[in-house]
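Thanks for coming. Please have a look at the structure on the screen, and then I will go through a few places in it.

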Amino acid sequence: MQRLTSLGGAEFAPGTPYLNTASGGLLPARSRAAVCEAVADAATYGTMGRDYFGPAEEARRGFARLLGTDAERVAVGSSVAVASAFVATTLEPGAEVLVPEGDFSSLVNPLAATPGITFRTAPLDALAEAVRSTTALVACSAVQSLDGRIADLDAVRDAARAHGARTFLDVTQAAGWLPLRPAGFDYVTCGAFKWLLCPRGTTFLAFGEDALADDGPRPRHAGWVTGQDPGASCYGPVDRPAATARRYDEPHALLPYVGAAASLTLLDEIGVAAVHAHNTALADRFRAGLIARGLDPRPAPGSAIVSVAAPPGVAERLAAAGIRVAVRSGLLRVSFHLYNDADEVDRALEVIGGA
């Protein structure tokens with residue numbers, strides 16, 4: 001079997017096997033250095049730093065390149081939950097929202113908690129078939145957080161279009177390792193602190209063509225940063241919103257975006273195709289090892305996340321060996337990224353034991 005080394009090079013030096021990117025990624029050395037420099041600057045230049053907008057603009061461009069869209073279509077924010085709450089404000093009273101069963105709460109809860117909507121769920125593999133003429137919005141994650149299943153995005157998008165429904169896609173568990181070109185989706189959000197290796201507090205919301213039209217949704221959470229000229233938008237209502245998706249920005253935290261700008265350059269240099277090939281090869285190696293030990297992993301090959309019903313004591317043995325994984329809803333969840341290698345896969349399988 002081919003031996004797989006990490007892609008991260010000198011950017012990463014974890015002290016223990018870290019197989020838990022689905023919970024949170026590791027910060028590259030360049031990003032840590034950039035954040036440390038910004039922290040030092042804060043002692044002299046204040047907590048908005050030398051350049052408050054520059055890092056966010058650089059990160060916005062980096063995320064846009066990753067998705068193959070224009071930076072003018074990307075807003076910056078702090079969490080997927082806030083992005084979802086914003087999308088909820090675009091719904092009319094009585095609107096029907098369709099989501100997969102068991103999708104991540106940050107995506108679905110702000111929608112479900114919106115007064116007056118009809119909230120409906122369907123199995124992920126039947127989501128496209130569940131769209132109907134009364135559906136106003138279909139929201140789903142590209143990759144499921146619990147077990148790594150990959151949604152049939154083309155089928156979901158096409159079904160929504162056929163029934164006149166809008167679409168809201170969460171790529172938090174996909175962007176950075178899964179090649180994505182989510183053209184045709186109305187809203188695409190991403191919590192960037194996982195596979196994009198950014199500090200927590202970095203989130204993006206990309207708008208499709210129709211969603212960013214002149215008659216698009218009102219920026220109801222708009223603050224001073226959303227003005228065409230932010231310096232002239234500090235007091236009173238913002239009477240001239242930005243012409244781009246920046247009109248939907250949250251006033252961002254500086255330090256996370258300093259780190260994000262640096263992290264996204266690393267992924268740009270390596271390329272998502274290379275990360276995808278690396279991650280899925282490691283996951284497939286781990287999946288094959290689990291099967292050889294009589295276990296039944298999911299999903300099928302092709303995902304960087306592998307989950308399996310946690311045998312008694314396995315999570316504790318992995319933790320004692322210093323191997324970082326996660327347990328979610330009774331499933332042992334293991335996720336592989338560019339800083340992992342084949343030796344870590346084999347070590348985890350050794351600790352799991354079995355046949």
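On the surface, a patch of negative charge is formed by Glu209, Asp210, Asp214 and Asp215. Keep in mind that this is a predicted model. Take Asp215 from that patch. Asp215 sits in the loop between β7 (203–207) and α7 (254–270). Is Asp215 buried or exposed? Its relative accessibility is 67%, and exposed means over 50%, so Asp215 counts as exposed.

Next, the annotation. The unreviewed UniProt entry gives "domain: Aminotransferase class V" for residues 56–290. In the model, that span is 34% helix and 15% strand, and its end C-alpha atoms are 42 Å apart.

Now some backbone details. Which residues does a cis peptide bond join? They are Arg298 and Pro299, with omega at about 0 degrees. Pro299 belongs to the loop between α8 (272–292) and β8 (305–309).

Leu197 is in the loop between β6 (187–191) and β7. The cut-off for buried is under 20%, and Leu197 has 0% relative accessibility, so Leu197 counts as buried.

Ser329 is found in the loop between β9 (326–328) and β10 (331–335). Here the relative accessible area is 70%, so Ser329 is exposed. To put the pair side by side: Leu197 is buried, whereas Ser329 is exposed.

That is the end of my part.

Terms used. Residues numbered from 1 in each chain as written. Predicted model: local features only at pLDDT ≥ 70, side-chain atom pairs only at ≥ 80, totals over all residues. Heavy atoms only, no water. Patch = residues over 30% accessible without salt bridge, like charges linked within 9 Å, V, L, I, M, F, W, Y side chains within 5 Å. Areas by Shrake-Rupley, 256 points an atom, 1.4 Å probe, with all protein chains shown as cover. Salt bridge = Lys/Arg side-chain N within 4 Å of Asp/Glu carboxyl O. Lys, Arg positive; Asp, Glu negative; His and termini not counted. Charge placed at Lys NZ, Arg CZ, Asp CG, Glu CD. Helix = DSSP H or I, 4+ residues; strand = E, 2+ residues; numbered from the N terminus. Buried < 20%, exposed > 50% of the residue type's maximum accessible area, 1.4 Å probe, protein only. UniProt positions renumbered as here; feature names shortened; annotations may be inferred.
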